[in-house]
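This report covers the metal site, the sheets and the backbone of one model. Please keep the sequence and the structure in view while reading.

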Amino acid sequence: MSVFIDRQFLLRISPKLQRFSQKKDDLYNFRCPLCGDSQKNKTKCRGYVYRKKNGYFYMCHNCGISTTFYNFLEKVDPTALREYALERYKDGDTGNNNHKRADFNEIKKETPKFKKSLELPTINSLPEAHFAKSYVQQRKIPESFFSQLYYAEDFKQFVETLGIEKESLHKDDKRLVIPFYDKEKNLIAIQGRALGQSKLRYITLKMDEDNQKIFGCDRINEDELIYVVEGPIDSMFLENAVATADSNLESVISIYDKSKVVLVFDNEPRNKEIVRKIDESIEKHFNVVIWPEMIESKDINDMILDGFSPDEIQDIISKNTFVNLRAKAEFVNWKKV
Ligand SMILES: [Zn+2]
């Protein structure tokens, strides 16, 4: 049984894997050695080895890699790989034969769910000179997201393959595709950012009318404060953030406790709509960020492009999170309408 060999080799190389632990039978967790996991938080462990049929697979929720145990071992320990290949394939064992082992429990285990990838090229897989890749590089989107963002040559055609009905789309509309997953890693919505001539910059489509459309739920640690921003791309620069894909940031309370969320509205003190929404959220006792005067950029991505680092932004946000009376006072100073 080849899964037996996979397990044996995983345990053998486990001293090399930081914070290695066994979660349950055939489910192991550790810091991803391929992307390095979070550099800021050394306790983050987003690499998982899990069982699929007769073999182990590897998946990282940070870089999004999903591959066979063979490929994983090749990257982590090429010496062990040689021995592994000999062991695993010596009897022509391709993982399909069924000789039973007495010590092996054949009961089907609950398989952890993992993000489904879209039938589109990832940004990661595009050649360096491709304009879609240049676009995400210009916006300084963290590279760890390149494997989770996609490029659609024809967004309309792609949307049709998902079974979503949308009449107003045009043919040959080139877009960056951002998938939204729920906590259980189900695809719940997609957003297409125009890369061509289209006047509609963002199109967000739900897989199902009843779905939420909150981006980033799959990477949230619910034990910590959750930051809520409008733009999915903005959320990629923060540690524990989701995006609502519209200015209705309060909609997150359909899935998270009000006390656990911080609403981070765009920095637009002259935008009546945003000013009104912040005022309302303060009245409803939400934690809100009121941007300090020195910040002129209108959203987080602009702050990045203006030279702030994600750490600096995270710091500014935590120092400028307010609630109730203090929030009201800061808000009155901030707004320009
Ligand atoms: Zn990784």
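Helices (H or I, at least four residues) and strands (E, at least two) are DSSP runs, numbered from the N terminus. The model is a predicted one: local features need pLDDT of at least 70, side-chain atom pairs count only at pLDDT 80 or more, and totals for chains, interfaces and linings use all residues. Residues are numbered from 1 along each chain as its sequence is written, and side-chain values use heavy atoms, with hydrogens and water left out.

**Backbone with positive phi**

Most residues other than glycine have a negative phi. D172, which is not a glycine, has a positive phi of about 55°. D172 sits in the loop between α5 (155-161) and β7 (175-181). N324, also a residue other than glycine, has a positive phi near 55°, and N324 lies in helix α10 (residues 324-334). K53 takes a positive phi near 50° in the hairpin of β3 and β4, where two residues stand between the strands.

Accessibility is given here as relative accessible area: buried means under 20%, exposed over 50%, and partly exposed in between (1.4 Å probe, protein chains only).

| Residue | Relative accessibility | Class |
|---|---|---|
| C32 | 2% | buried |
| C35 | 28% | partly exposed |
| N324 | 35% | partly exposed |
| D172 | 48% | partly exposed |

**The zinc site**

Which residues coordinate the zinc ion? The SG atoms of C32, C35, C60 and C63 do so, at 2.3 to 2.4 Å. Donors are N, O and S atoms within 2.8 Å of the metal (3.2 Å for Na, K and Ca); water is not among the atoms, so sites may look incomplete. In sequence, the donor residues follow the spacing C-x2-C-x24-C-x2-C. The angles among the four donor atoms are 101 to 119°, and the site is tetrahedral. Four donors count as tetrahedral if all angles lie between 85 and 135 degrees.

C32 counts as buried because its relative accessibility is 2%, whereas C35, at 28%, counts as partly exposed.

Two strands pair if DSSP finds at least two bridges between them. Five strands form an open sheet in the order β1-β2-β3-β4-β5, with antiparallel pairing. Its edge strands, β1 (21-24) and β5 (66-68), each pair on one side only. The twist averages 25° from one strand to the next; axes are lines fitted to C-alpha atoms, for helices over the stretch in contact, and angles run from 0 to 180 degrees between N-to-C directions. Helix α2 (residues 69-76) packs on the sheet and touches β2, β4 and β5, contact meaning heavy atoms within 4.5 Å. The direction of α2 makes about 95° with that of β5.

Within this sheet, strand β2 (residues 27-30) pairs with β3 in the antiparallel sense over four bridges, and L27 has Y50 of β3 as its bridge partner. Six bridges join β3 to the antiparallel strand β4 (residues 55-60); there, Y48 is partnered by M59 of β4. Strand β3 (residues 47-52) is largely enclosed by the rest of the structure, because five of its six residues are buried.

**The four-stranded sheet**

A further open sheet has four strands in the order β6-β7-β8-β9, and the pairing is antiparallel. The edge strands are β6 (150-152) and β9 (202-206), each pairing on one side only. On average, neighbouring strands of this sheet are turned by 30° against each other, direction ignored. Three bridges join β6 to β7, and the bridge partner of Y151 in β7 is L176.

Methods: Four donors count as tetrahedral if all angles lie between 85 and 135 degrees; four count as square planar and six as octahedral if opposite donors are over 155 degrees apart and all others between 65 and 115; anything else is irregular.
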